[in-house]
Amino acid sequence: MSSLSLRLAEDQQSVEAVLNTQVDGEPINELSVKKLLAESDFCGFKLSDSGLKALLSAAQNSKNAPDDASSTSIHNIAMRLDGQLSIVLSLDQMSATATITAAYGGQPIEPSQMQQTQEEMGVIQGIDSDAISALLEQARTGESGAEFSRPIAMGKAAVKGRDGRWVSDVQTLRQQLKPQTREDGTVDLRDFGEILTVESGQQLMHREPPTPGQNGFTVTGECLVAVSGSEAEFVPAEGISLGKDPDLIVASRGGMPVETPGGMRVDNIYSIKNVDLSSGDIIFDGGVIVQGDIQEGMRVSATGDVTVGGSVYFSEVDSGGDILVRKGVVGNQRQGDDQHFNSEDLSCSLKAQGHLSLGFAQYARLEAVAGISVDKQLLHCMASTVGDIAIGKGGDRNSKLIGGVTRAGNQVCCGIFGTEAFVPTEVELCPDVKEFHDQVQIATEQLELKQRLIDDLQQILPKIKMLPKGPARQEKLAKIVNTINHTAQETVALAQKIERLEQQEAERLEAARVVSTTTIYPNVNVVIAGQRLKTRREYQGGGLCYRQREVVHDPSLK
């Protein structure tokens, strides 16, 4: 049997294990040596694998040595190491990350060492003093030999200047949806003000200049020069022109102002008190203003916006722009079956190439490209848009969606879905993921082609290797191997692209939601991306959304 003790070497930098073969002690093995070191004053020192191996070998040999053999041997089994520091710059020099290896019984990294290393690496700007202090403290108190990393400096990217833009100086139809304030400060929810028009020569828009942007910097102090914004271009359109000041757009004729991408146009206006049998149908190239109502059986068709100050009864309205109905849209069913109907059964129809806004609607066919907004309720309607549908002005908790079929792109919001009488109510969301499908299909086809190319080249390799040795064979081999390696890298990039596109598609699907601020009653049938959920109980608030290829209720949705 042998005994083992530890002591600090004369250089104060290593730990010596003293093995005495003539004194009885605990069995000596790897576990007992590590335990002895861990319980000693040198527990923070780094164990030497070679020193440990030599010690264990000596202990084993001592068992078979004669009694008069040397009784003592000394082995360096651990060493004292100071903390280690390295700083790595990102390729674009926009960040610097420090890594500290905690000391093995030696000196920890001091702030002065950190500062000196920063200067050596050229890190002079964007330094985070709090991060540095936290990292130094973490390494000082952490386990010996543990690595701790943290960004200690961050550059600032240059911010492109804001592009110039045309700013409207007049109200348009979409901006006019705010109720008017009375003289006493209260709000008249029925009064949206006069229907606004402009006169020839009236200023419509002014041009705001671009901004210069903000310079950035790298952690090494290099200035990143910002790019200024671009000047807003004048987009010619009907009914407008540049004023004497080229930074102003003025009306070249009287009419209704309509904002367009990058500018404005002025539509001709046909204004009438009511549309009924005395006026006949209205078909007009421009905007139409109906101050009162559109009566039963009439048709209004305009290439511009259509504004109705009253209601629409059992009629057809078709607009090349927005439609605003300040009161309601009232229709009925020709077939009289309240449980099953299609759009042809409904006697009232509104179709807008822009946005559709109305106070309420019942038994109507509603179609819009840019979205649908309803102040109060949507009852037994066929509503369809690739945009979103919002029912309930200002988040009205009593707004209702009852019966009918409602289709939207990503979101339908309302206070109450369905009724206590369990009237069948269908809501369908169709998020636009076609762009992702198309890109995934293209990338998949490219990936398959490249994989086939790799397979073909790998079959050729053995034949090339059978050719006589020489420069020609070597050149062919190198060319094929390089092509295989390059193509393999391309396949990895394509696989990553497919994964990224599929993730983006999943995120868009999961963003689709039917949101209630009050109640979702039973018998509300919700379809999202082809997956269906028919509610069988009452939900208080929250919403229905798409999760892992299922439609589920999420009480946290707002």
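**Exercise 1.** State which residues of helix α3 are exposed and which are buried, and what the buried ones line.

*Solution.* The model is predicted: local features need pLDDT of at least 70, side-chain atom pairs count only at pLDDT 80 or more, and totals for chains, interfaces and linings use all residues. Residues are numbered from 1 along each chain as its sequence is written, and side-chain values use heavy atoms, leaving out hydrogens and water.

Step 1: M114, T117 and Q118 are the buried residues (under 20%) of α3, residues 111-121. Viewed down the axis of α3, these fall within an arc of 105 degrees (directions from the helix axis to the C-beta atoms), so they line one face of the helix.

Step 2: The buried residues of α3 pack against β5 (84-89), β6 (95-101), α4 (129-141) and β7 (147-154). Helices (H or I, at least four residues) and strands (E, at least two) are DSSP runs, numbered from the N terminus.

**Exercise 2.** Find the contacts of L350 in the largest nonpolar core.

*Solution.* Step 1: A nonpolar core is a set of buried Ala, Val, Leu, Ile, Met, Phe, Trp, Tyr and Cys residues joined through side-chain atoms within 4.5 Å. The largest has 58 residues, and L350 is among those touching the most other members, including I294 and F417.

Step 1: Neighbours within four places in sequence aside, L350 is in contact (heavy atoms within 4.5 Å) with residues including V312, V329, R365 and E367.

Step 2: Another core, of 16 residues, lies apart and includes M114.

Conventions:
Buried < 20%, exposed > 50% of the residue type's maximum accessible area, 1.4 Å probe, protein only.
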